[in-house]
Each structure stands twice: as C-alpha cells, then as structure tokens.
Amino acid sequence: MKIAVDAMGGDHAPGEIVRGAVEAAREYRQKIILVGDQEKIMLELGQSPPEQIEVFHAPEVIAMGEHPAVAVRKKKQSSIVQAVRLVREGEAMAVVSAGSTGAAMVASLLGLGRIQGIDRPAIASILPRNGGATLLIDAGANVDCKPQHLLQFAIMGSLYAEKILGIPSPRVGLLNVGEEETKGNELTLAAFPLLRQAENINFTGNVEGRDIFAGTVDVVVCDGFVGNIVLKAGEGLAIALLKMIKEEVTRSWLAKMGTALATSAFRCFEKRIDYAEYGGAPLLGVNGVSIICHGSSTARAIKNAIKRAREAVEAGLVDAIKSNVENTAEVQKVGIN
C-alpha cells in the first residue's frame, strides 16, 4: 500500500512534510509517494532517503489565499491535485495534505467523487476529553446543512469511531442548546427524529457543548459552521491554558519546585491536547481516504496523519460507509420530505 503525501502543502512545507514522511517510512515501514517540486523534495530528503519513499514531480502549488475551486480547476499540475489523482488511478490508497483545507476538500471531491448516498462530505476532528477522545463531525466542511446531512455525518462519524478509534458501539450525540428533545433550531429539531430512527447508530440524544470534553458521548454531530467554531475555540482554550499554567508556575520559587516534581505529568497533559498527536482529520464521504492536516503541522503531525490514513484503508472504512448509508436510505427520505 502506498500513501500519497502533498509535500508542498502547509506552513512548513516541504521541510516538515518530508521529515514526517521519512519518520513514517522508517517507523511504520510505510510506502509513501511525496508529491511536489522534485528538486526541493530531494534537497530535503538528502543523500540516503528510505527505500519506501518515492517522489512524484508536481510543479504547481495552491497557496492558502487562492480560491479553492478556481485554483483546483486551473492548477492541474499542483501537488494536491496530482496527489489525489494518484489515489483515483490506484497508484496510491490514500492522500494526506496540510495545505489549503478548501483546496484539499475540492480536489478530493472532484478527483474521488462522493460515496453514493452521501450528499456532503464532512471533516471529522478528534478532540481530547476525560479518558480518551471525542469525534466532532462536521468540523467545517459544510456551513449550511439539512437534517439528512446530519444523519449522514452521524453514520460516518460512528463508523470512524468504531473502526479507527476502537470504540465499540460508539455513543452519538446531537450538539444542541439543551438536552431536551424539544430544544434547538429548525435543523436540530428536524434532525433529531432521523437520528433516533437510524438503527445503525447508537444515538443517545441531544448534548451540550460541555459534553464534548466530558466524555458523555463518543461522537458529536453538528453542522460545519458550529463545528468549526467549537474546534477553533477548543484550540484557543488549550493554548491559553498552557500559557496561563506556565505563567503561574514561574511566579514563585515554590511553584517552580512543584513544577519540577510534576514535569512528567505536565508533559503528558501537553501531549494530550496537542493536535499533532492525532495527525489530521479525515474527509469522510468522498470515495477514497483523504486526510486533511493543520496548516502548521509539524513532522510528528504528518507522521501520525500517515498512520491514520493507513488505518482507514486497512479497516475498509470507505466500503463500510457505503454499506451503512444504503441501509438508511428510507430514513433519509423522511428528512428530505
């Protein structure tokens, strides 16, 4: 199995991207195709790159500020478009990119197509919680949704939690302003009965924002507008907490001594809330495995994203989504009507 990696995507490309790919090749013995400017990639690889790595030349790059749909259609030789093409043509089994999220989404959607029965692919992000992690879907791919879209998100998120995160019968909650069935806006009120009727998910009802990090459920479903705000607010809070803790522990010599004794615990906490630990977020609903990474991804994040991509392929995630969506076709018709 080969995984195509967009070597030119991200704030620290190609250096950190190449280093992450090298680490993945050596640690997991994973075959990787680095897609991008061959000369720059070879310069980063050095004289003795791992034998699992090959380079595919793609001379163009889609910048963060470019309009995704326009750029993908115009720059056919860009690294992300060519990486997706390798997956479509069977040369690779998955694609990983830390470049423009919009470009990665558009390239994956146009290049791989949608799974039949899925109207809107969604981004599934992993958030740390007490005792594990919670999957948030959608984290920003769709700002406007219909009830059946949330049902599709729930199915895909539940399968990812089960097959990749190893959670049996994952608990699914609908993000809302209250736990009562009668609360919410038009979207959540209409989506609730669809989720309740779906036999292939373990729907537990409405959940509130605080439940995301409390471990009340394993999968939280929402539209991309709300999900992206939750994701960015969570990232900002984590960064602020770390800064505040560091400020407090340097205020006195006694605090510094205590910190020295708790260094190991502090490092473990920092690791738990670091997005690099989870690598990247899968774009679920496209007819292939596509992992979208944070723009500021480090080598460790890329290495872990490659690991996630391989796990999704080995678990047969795409085929599982196909069969489960077919089983809820009648339920979805209720939402459409």
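Asp138 lies in the loop between strand E6 (132–137) and helix H6 (147–163), where helices (H or I, at least four residues) and strands (E, at least two) are DSSP runs numbered from the N terminus. A cis peptide bond with an omega of about 15° joins Ile137 and Asp138. The model is predicted, so local features need pLDDT of at least 70 and side-chain atom pairs count only at pLDDT 80 or more, while totals for chains, interfaces and linings use all residues. Residues are numbered from 1 along each chain as its sequence is written, and side-chain values use heavy atoms, with hydrogens and water left out.

A cis peptide bond also joins Ala13 and Pro14, with omega at about -5°. Pro14 is placed in the loop between strand E1 (2–6) and H1.

The chain as a whole has 14 helices and 11 strands. Of its 337 residues, 50% count as buried; buried means under 20% relative accessible area, exposed over 50%, and partly exposed in between, with a 1.4 Å probe and protein chains only. Among contacts (heavy atoms within 4.5 Å) between residues at least 6 apart in sequence, 70% join residues at least 24 apart.

Two packed helices are described by the angle between their axes and the distance between the axes. For helix H1 (residues 15–28) and helix H12 (residues 299–314), the axes come within 7 Å and cross at roughly 50°. Axes are lines fitted to C-alpha atoms, for helices over the stretch in contact, and angles run from 0 to 180 degrees between N-to-C directions. H1 and H12 are therefore oblique to each other, since angles under 35 degrees count as roughly parallel, over 145 as roughly antiparallel, 65 to 115 as roughly perpendicular and the rest as oblique. Among the residues making this contact are Glu16, Ile17 and Tyr28 of H1 and Ala299, Ile302 and Arg310 of H12.

The phi of Arg29 is near 55°, a positive value in a residue other than glycine, and Arg29 is exposed, with a relative accessible area of 54%. Ser169, in the loop between H6 and strand E7 (171–175), likewise has a positive phi, near 45°.

Which cysteine sulfur is nearest to that of Cys222? Cys222 is in none, and the nearest cysteine sulfur, that of Cys145, is 8.5 Å away. Cys222 is buried, with a relative accessible area of 3%.

Terms used. Disulfide = S-S within 2.5 Å.
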